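I opened the notebook with one residue in mind. The overall form of the chain comes after that.

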Amino acid sequence: MSDGLRVSDPFRTEALRESVLASWRDSPTRFREDANAEEDLFLGGYRDRLLVELAQNAADAAAHTAEAGGRLRVSFVDREVRVANAGRPLDAAGVASLASLRASAKQHGVGRFGVGFAAVLAVSDAPRVVSRTGSVTFSAERTREVTGRSGRVPVLRLVWPTDERPPDGFDTEVRLPLRDGVDPAELRDEFARQVTDLLLSLDSLGTIEIEGDTWRRDDDGPRTDIHGPGGTSRWLVVREHGELADLTGLGTEARPQWTVCWAARLDAPLGDDVLHAPTRTDERLSLPARLIAALPIEADRRRVRPGPATDAVLDHAARTYPRLLELREPHDRTRLVPRAGFPLSEVDERLRARIAEALRTTAWLPTRTGAVEPRHARTVPAPELVDALDDTVDGLTTAEHDAALQALDVTRLTIADIVDRVTGIDRPPAWWHRLYAALAPIADVDRDAREALGALPVPLTDGRTRPGPRGLLIAEDTDLELDLAIVHPDAVHPLLERLGARRASAADLLDSTREAVERSLEDAESGMDVTALRHTVLTLVGETGARPGERPWLAALALPDDAGDHRRADELALPGAALLDVLDPDAPIGVLRDDVAARWRKHVLTAIGVLDTFAVVVDEQPAGPDHDLADEHDWWDGLPEPPASMTAVRDLDLVADDAWPAALRLLAAEPRTWQALHEPRGYTGWWIAHHALIAGRPPRAWRLPDATELAGLYDPVPPIDVADSVLTAVGVRATLRVGDDAGELLERLADPDSDVPAGAALRAHAALAAAVRDGVIEPADLHAPHAVRSLTGQVVPAAEGLVLDAPWLLGVVEPERVIGAGPDPALAEPLAELLDLPLAAEVVTGTVTGSAEPVRWADLGAVVDACDLAGIAVPPGGPYVHDRLTVRIGLSEHDVSWWVDEGVPHCVDSTPGLARALAWAGDRWADRHLLAALLDDPESVLG
């Protein structure tokens, strides 16, 4: 342009223009090649790298100054983007590089400074670079003017000077008038999204401003914080640099320097990322940290150029990577281990393999005492196990095992491995408790783990360690001296119960002593000290609240007596026990030593069988007479059927003969012995009835004072001060009962010295006859009495007696010879069999003489009235009525009031006669007596 001569041109741009124009004139195709190359750059490789490339230039400029942290400012003025920076200003070499399209003014690093500036063409056809050392401009329109061309022309090949100056505080500013179709707001947003990446990638840049918003990088050692309008992102950064030994394939502009920067975001996952070389490329990475490295890249800055230099830089990057993990907090380090997965690019695959190898052989995995190489490390299924096993497993890392560590060949210990490693080691019980607590959450959810834990060692109270919790006992009181597998209290944990240990109650522990208790007397007699066993058993009895007889085997516990010997507990009585007062002096019952009796409560001692009163044997399902009770077999054999259960008093045979009144009072005073006394058909009542003595006689020889119907047969029992129910339970008679004592009753009836009323004798004979009839007694088992008691109460020789079986015979037989069986004629025959006497009807036979008139009962008004009063029907038929009724017996004749001859009643015409005949004719025996009484004396009956 004609005004070009008036603008200062410190960079000799005219010569640069002439050189380019000459090349186009000399080679017509060169113009089109330049236009196409430029178009390829901004439409292809640099289409979205505008801010990246300008920031790179700003960083290069800042790197040449001594100031810390370069500054970049982006502003929008009248559809013009202005990007200003501080640092090294524009110089002639830089202008030449900008206009050359393929040349760079860089002296360090790998790249093409001039090529990157082509990114401005994506938004502008007239870019300008103004600097405090001079300014230049490019213009598509001016290029068309000087070349006479139209359409697309190379923009950055022809450069003109301009007199513009950068803003205050800045050394250089790139000004880009936006072509039509470029939206400033969208461009600003795009720039804002790239700021953080740029501040990480370009370490010589410290601040970037965009339209009043400021992003600032603060470095604190390896920590880098980038503050911006949207908040702060935090990064951990490791940098390394050096020189390449092999520059093969890099071209003549290659520089030997390499740099590597790893950046791991601390406040959020990194997400999808790409390789930065040092600005963004298209090489996708799947690493948890960003790699920013000076790598050889293709001209479009999209792809890494393969070759020795690239391999060398990637190797350096991989070897540097572990330093990033070492700087992280120990519990966060594994987050930076690349996860298994398909690589996203060839570079990604190469980096992942190299990093894995570097991590595998570098000591970065945290332990309690430092770091360990993954190949020598061990992990456990839960972090809690690290604390528990830290002093047991070498190389135990605090990091949790995951897929990343598995890829690094870190050994993962299974629960079975852990059990194997802790088997056989010596650790205090509290250490084992910590281990169980760490294992418990795993056992809750993992069935295989629970199975493996079946062999987990468990410390016991006796100092041993047992493999496997199953069958072990967990006890609250471990001060007891028990030869049992009890878990040490400091090691107890709920896990052990889930694995088969059993929480033992005091009752469980007590039951576990049974074998020792049962041999304790033998041990004591052999000289062994059983004091500890005694203390343990009695303590547990007190804790369980055991009742006497609840555990019969406790009676075998050896206890010291007052003579210095040991006896079974059930062979000892408490000092001063009431039982001692009723026992025979020779009874094999000792007295418990005073100090032992004073040491333990009475209910504890009696619970194991020490006697204070009579002991009771309880069997809910007795199988036979096997309870070591005196004469038990005799009692059992006498039962009609075996008992469903039994409660029996022991040691009754040890009571002194003269002490039974006191013994009965003692038995009646305790609920358990009272119950045994009153058990139906029970052993206790049976034995006392058969063997005890009251005033020198067995209980069955006495009657209750109120049992007057037995007067004459039995004497009233002497006063004993117990309830009648107790007396009857042991055999004292309240009623007339016939059993195995029938012979005694016969003897009493035959005793002439006994004053037995006639009624009592009659009732006794009736009871005896009923017992024969019912099979209670067998006449053949008894001796026939030598004498019998008649209806008059007299005792007569048995040879003179007759058993009355026909009541009318009383009119002809002497009453003192007649033995009555009561009003029931069916009892006469069994009584005759028992007494070995004839029936009266068999001995006395008579014939009725004289005339008689038959009369119907229904025709007799007195009979009808009597039957009506008795509430019975008038009998059919009627008697033969005599004025005088005579019966001939042998050669003698006897006047009687009534008789029965061959089943026909005869009577005299009198009230007694009619009454007797009517009574015999009644349907029921009781009715017969009532009818007779009504006819004899109705006023007294109805009174």
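I started with the contacts of A676. Setting aside neighbours within four places in sequence, I found A676 in contact with T647, A648, V649 and T684. I note that this is a predicted model.

Next I looked up where A676 sits. A676 belongs to helix 24, which covers residues 671-677. Buried or exposed? I checked the accessibility of A676. Its relative accessibility is 0%, so A676 counts as buried; the cut-off for buried is under 20%.

D189 is 487 residues from A676 along the chain. Their C-alpha atoms are separated by 103 Å.

From there I turned to the whole chain. I counted 34 helices and 41 strands in its secondary structure.

Of the 943 residues, 50% are buried. Among contacts with a separation of 6 or more, 63% join residues 24 or more positions apart.

Last, I went over the surface and the charges. The chain exposes about 43,900 Å². Carbon and sulfur atoms supply 47% of that area. I have 98 positive and 158 negative side chains on record for the chain. The centres of these two sets lie 20 Å apart.

Terms used
Residues numbered from 1 in each chain as written. Predicted model: local features only at pLDDT ≥ 70, side-chain atom pairs only at ≥ 80, totals over all residues. Heavy atoms only, no water. Helix = DSSP H or I, 4+ residues; strand = E, 2+ residues; numbered from the N terminus. Buried < 20%, exposed > 50% of the residue type's maximum accessible area, 1.4 Å probe, protein only. Contact = heavy atoms within 4.5 Å. Areas by Shrake-Rupley, 256 points an atom, 1.4 Å probe, with all protein chains shown as cover. Lys, Arg positive; Asp, Glu negative; His and termini not counted. Charge placed at Lys NZ, Arg CZ, Asp CG, Glu CD.
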